[in-house]
Amino acid sequence: MIDNPVDLSALDPAAGGVPEELVRSIVARAGPELARRTDRREPMAVLADWARPTFAAAAVLAAVSLLGFSLARQIGADPRLRWVPEALGLPGPVAEWVTEGRSPTGDDLLLAMEGGL
Amino acid sequence: MSDLDAHLVARARAGDAAAFDGLVRRHVRAAHAVALAVLGNAEDAEDACQDAFIKALERLDQCREPERFVGWLLQIVRNGARNRLRFERSRPTSPLELAAGRSSGSRPGRDAERAEMRARLLGGLATLSEVQREVVLLHDLEGWAHREIADLLGLAEGTSRFHLSVARRKLRLLLEVLVTEEER
């Protein structure tokens with residue numbers, strides 16, 4: 001059959017595989033450009049990296065605070081329940097707000113986040 | 001189109017060396033085939049291939065369709081190889097010299113045979129048009145389908161088949177002539 005493939009294997013740079021030497025040369029030459037790219041990451045990407053864990057922490061804090069606020073109202077109404085925040089293992093600042101029966105201020109939240117809750 | 005390419009391109013844009021290595025490994029053979037189709041010389045093809053990957057990395061932010069990275073890359077390879085060809089025309093390299101230079105020496109008989117075959121094939125490829133060389137190398141050496149070749153070169157699939165058929169016929173005829181001449 002005249003239209004069978006022509007055997008071009010003599011032109012194969014790596015006998016059917018990846019030409020490792022060529023790959024190594026290319027990757028070595030790419031080093032400076034890759035390093036430059038790592039250094040000049042876009043501000044939004046850097047911000048996103050920073051923002052994600054912060055938002056997650058804020059969400060947890062908000063959930064815990066809501067729970068605390070709800071508890072605080074009940075504890076305010078009945079002082080015998082003052083042991084509940086500690087028994088629930090609420091973080092220190094949150095337990096304090098609950099026991100005092102008050103909502104946290106913005107400063108309280110910031111201080112709590114800086115202190116790792 | 002490849003989601004993996006899009007993923008690797010996104011990571012390489014951020015400077016991820018492993019992702020760039022992945023892109024090189026996936027496409028270095030096709031890049032080499034396209035460079036060889038333009039230059040007709042394996043050593044120059046390797047140099048052109050290296051230059052093209054570096055240029056592609058430098059311009060990676062301009063790759064608008066990362067899932068079609070390979071088509072974009074091969075266009076850079078082709079343009080770079082054509083520029084190199086124009087530049088190098090004043091001092092052309094003989095395929096036979098190149099083939100001889102490539103022998104490792106570990107299996108002299110086999111290496112010489114392979115070098116001879118490479119020289120014949122390169123001589124045969126030189127008689128084809130650039131598009132015929134690209135089609136036959138991508139199809140018969142790299143195993144690409146006509147659909148992929150047609151997409152890459154902006155041809156109809158039938159045109160790709162036609163180029164392959166013509167290229168094979170010419171190569172086969174030329175190789176037969178060379179063998180006959182050597183046997184005399």
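Residues are numbered from 1 along each chain as its sequence is written, while chains are lettered from A and ligands numbered from 1 in the order in which they are written. Since the model is predicted, local features need pLDDT of at least 70 and side-chain atom pairs count only at pLDDT 80 or more, whereas totals for chains, interfaces and linings use all residues, and side-chain values use heavy atoms, with hydrogens and water left out.

Let me begin with chain A, which has 5 helices and 0 strands, where helices (H or I, at least four residues) and strands (E, at least two) are DSSP runs numbered from the N terminus. Read along the sequence, the pattern of chain A is therefore written α-α-α-α-α. Of the 117 residues in chain A, 26% are buried, and here buried means under 20% relative accessible area, exposed means over 50%, and partly exposed is what falls in between, with a 1.4 Å probe and protein chains only. When we take the contacts in chain A between residues at least 6 apart in sequence, 44% of them join residues at least 24 apart, a contact being heavy atoms within 4.5 Å. One residue to look at is A:Asp108, which sits in helix α5 (residues 106-114) of chain A and is buried, at a relative accessible area of 17%. Leaving aside its neighbours within four places in sequence, A:Asp108 is in contact with A:Trp97 and A:Arg102.

Now to the place where the chains meet. The contact takes 40 residues from chain B and 30 residues from chain A, and the area buried between them is about 3200 Å², with carbon and sulfur atoms giving 62%; buried area is the accessible area (1.4 Å probe) that two parts lose on being put together, summed over both. Between chain B and chain A there are 15 residue pairs in polar contact, both residues being at pLDDT 80 or more. A polar contact is a pair of N or O atoms within 3.5 Å, where, within protein, one must be able to donate a hydrogen and the other to accept it, and residues adjacent in sequence count only if both atoms are side-chain atoms. On the side of chain B that touches chain A, the largest share, 9 residues, comes from α2(B).

By the rule used here, a side-chain nitrogen of Lys or Arg within 4 Å of a carboxyl oxygen of Asp or Glu, the count comes to 18 salt bridges over all chains, and 4 salt bridges are found across the interface of chain B and chain A. In one salt bridge, A:Arg37 pairs with B:Asp61, the closest N and O atoms being 3.3 Å apart. A:Arg37 lies in helix α1 (residues 20-39) of chain A and B:Asp61 in the loop between α3 and α4 of chain B, so this pair joins two chains. A:Arg37 is buried, at 1% relative accessible area, whereas B:Asp61 is partly exposed, at 44%. Both belong to a network of salt bridges that links A:Glu33, A:Arg36, A:Arg37, B:Arg13 and B:Asp61.

Within chain B, the side chains of B:Asp5 and B:Arg26 meet in a salt bridge of 2.8 Å, N to O. B:Asp5 is in helix α1 and B:Arg26 in helix α2 of chain B, so the pair ties together parts that are 21 residues apart in sequence. B:Asp5 counts as buried at 2% relative accessibility, and B:Arg26 as partly exposed at 40%.

Finally, the core. In soluble globular proteins, nonpolar side chains tend to be buried together. The largest nonpolar core here has 60 residues, and among those with the most contacts inside it are A:Leu8, B:Phe20 and B:Leu137; such a core is a set of buried Ala, Val, Leu, Ile, Met, Phe, Trp, Tyr and Cys residues joined through side-chain atoms within 4.5 Å. Helix α2 (residues 17-39) of chain B gives the most to this core, with 14 residues. A second, separate core of 7 residues includes A:Val64, A:Leu90, A:Val94 and A:Ala95.
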